[in-house]
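User: Hi! I would like to learn how to read helix packing and aromatic pairs in a model. Could you walk me through it?

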Amino acid sequence: MIKIVGGGPSGISFAISYLINSRKDEKIKVYDGERNYEKPCGEALLNLNMNIYYVEPEILHEIKDFYIYDGENLIEERHYSSGKWFIIDKRKWIEEHRRYAEKSGILLSYEKVNPFKEKNGSEDLVIDATGPFSFNKLRKIPIARAIISSDLSLESEVKLIFDAENIGFYWVFPSAGKLINVGYGSLLIKNPTSKLMEFMNKKFRNLRILNIKTSLITLQYRAKPIYTFGYTIGEANGTVFSLTGEGIRPSYVQSSLLGKFLIELRDFNKAYNTVINHADFKELSDQLKLQYNLLTIYQKLPLSMRRSLLRRIKHAIDDYITKNVIDPRKVLFKI
Ligand SMILES: Cc1cc2nc3c(=O)[nH]c(=O)nc-3n(C[C@H](O)[C@H](O)[C@H](O)COP(=O)(O)OP(=O)(O)OC[C@H]3O[C@@H](n4cnc5c(N)ncnc54)[C@H](O)[C@@H]3O)c2cc1C
């Protein structure tokens with residue numbers, strides 16, 4: 001039997017891919033502590049390779065207009081004729097994946113797995129897809145997200161407000177209907193909820209907070225197999241872009257390829273190395289590594305240099321928005 005702990009984007013896409021590629025004689029079981037996928041998220045998905053997903057997400061908004069701020073100052077805006085990001089209903093999407101998995105014969109069990117017990121006892125192949133909750137020792141920060149209503153109405157636009165002082169950003173995204181998804185995370189602020197509250201009280205009139213939650217997000221990616229109580233995949237393996245927080249797409253791509261190659265090679269480390277060099281993941285993996293390295297350099301710079309680098313983002317902004325790719329040469333030398 002193969003046990004997958006965590007039924008988020010990574011665990012569930014891994015399970016489906018493993019099943020599709022297997023001879024179907026092995027039991028696949030996915031555990032998740034929550035029957036409904038509850039983890040807070042910005043729910044933004046880049047409009048890239050949408051055919052990789054086993055279940056099509058419901059698209060709530062197509063994002064064409066981007067406003068980038070350094071604190072109070074608008075430093076860049078971009079307007080595209082087609083949607084470069086989608087805002088999706090992530091909870092519904094994950095739950096549809098889970099139903100699809102169950103119908104295909106994958107067992108789903110809604111129980112929290114104790115990693116320490118699992119480590120000591122299991123004879124089965126165990127996969128750690130617990131996202132930022134993994135005991136993987138990678139660098140993580142707390143991050144807060146609220147769903148609100150206010151006078152502001154967003155349709156096809158998003159705002160990213162950088163906080164150079166604390167090395168992080170606020171986001172303001174549309175959500176279901178007229179609701180707004182607002183969040184904040186930074187390297188230097190341990191309690192992002194109070195910063196987010198301050199921001200919302202200042203920026204929104206007739207503010208009504210429907211839901212506010214704090215979670216963790218992983219910033220560090222090492223491009224190496226990491227073993228906890230099982231082999232880590234997706235965010236548990238660090239597949240989140242440090243400079244943007246995008247984790248759904250890289251986690252999904254890595255996990256579904258790992259499911260396929262684990263069946264083919266029957267060895268997790270070999271499968272991992274094959275995926276790292278696979279055409280569909282190599283660029284993502286290189287960019288994940290690069291963004292973490294850039295973040296570690298950026299945080300060592302004095303505030304004035306951090307601000308001036310932010311202003312140079314305009315030279316690389318289209319790649320950042322449309323592909324989540326940062327080319328440091330474009331930022332530094334405008335090439
Ligand atoms: C506030 C916030 C905003 C974000 N915004 C975006 C965004 O807009 N776009 C984007 O692409 N990414 C975003 N991300 C990142 C993205 O949410 C994750 O990188 C992505 O969901 C990773 O998928 P995953 O399956 O690896 O982990 P997760 O989605 O975290 O799923 C892990 C699953 O494991 C389960 N679990 C954990 N521990 C146990 C246990 N012991 N036993 C059983 N089950 C367990 C959890 O219940 C959960 O369902 C955001 C993250 C946060 C926190």
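Predicted model: local features only at pLDDT ≥ 70, side-chain atom pairs only at ≥ 80, totals over all residues.

User: What describes two packed helices?

Analyst: Take helix α1 (residues 9-21) and helix α2 (residues 90-103): their axes come within 10 Å and cross at roughly 30 degrees. Angles under 35 degrees count as roughly parallel, so α1 is roughly parallel to α2. The crossing of these two helices is left-handed.

User: Which residues of α1 and α2 make the contact?

Analyst: From α1 come Pro9, Ile12, Ile16 and Ile20, while α2 brings Lys90, Ile94, His97, Arg98, Tyr100 and Ala101. Sorted by class, this contact holds 7 nonpolar, 1 polar and 2 charged residues.

User: Now the other pair. At what angle do α5 and α6 pack?

Analyst: Helix α5 (residues 248-265) and helix α6 (residues 268-276) pack at about 130 degrees, and their axes are 8 Å apart. That angle makes α5 oblique to α6. Here the crossing is right-handed. On the α5 side you will find Gln254, Leu257, Leu258, Phe261, Leu262 and Leu265, which meet Phe268, Lys270, Ala271, Tyr272, Thr274 and Val275 of α6. The class count for this contact is 9 nonpolar, 2 polar and 1 charged residues.

User: Let's move to the rings. How many aromatic pairs are there?

Analyst: To read a ring pair, look at the distance between the ring centres and the angle between the planes. The count comes to 17 aromatic pairs. In one of them, Tyr170 and Phe199, the centres are 4.1 Å apart and the planes are at 15 degrees, so the pair is stacked. Tyr170 sits in strand β12 (residues 168-174) and Phe199 in helix α4 (residues 192-203), so this pair links distant parts of the chain, 29 residues apart.

User: Are Tyr170 and Phe199 buried or exposed?

Analyst: Tyr170 is buried, with a relative accessible area of 9%, and Phe199 is buried too, at 8%.

User: What is the geometry of the Trp171 and Phe173 pair?

Analyst: That pair is tilted, with 6.2 Å from centre to centre and 40 degrees between the planes. Trp171 is buried at 8% relative accessible area, and Phe173 is buried at 7%.

User: Which residues do ring pairs link into a cluster?

Analyst: Trp171 and Phe173 belong to a cluster in which ring pairs also link Phe66, Tyr80 and Trp85.

Terms used. Residues numbered from 1 in each chain as written. Heavy atoms only, no water. Axes fitted to C-alpha atoms, helices over the stretch in contact; angles between N-to-C directions. Helix = DSSP H or I, 4+ residues; strand = E, 2+ residues; numbered from the N terminus. Parallel < 35°, antiparallel > 145°, perpendicular 65-115°, else oblique. Left-handed = near helix turned anticlockwise from the far one by under 90°. Contact = heavy atoms within 4.5 Å. Nonpolar A, V, L, I, M, F, W, Y, C, P; charged D, E, K, R; others polar. Phe/Tyr/Trp six-rings, centres within 6.5 Å; stacked < 30°, edge-to-face > 60°. Buried < 20%, exposed > 50% of the residue type's maximum accessible area, 1.4 Å probe, protein only.
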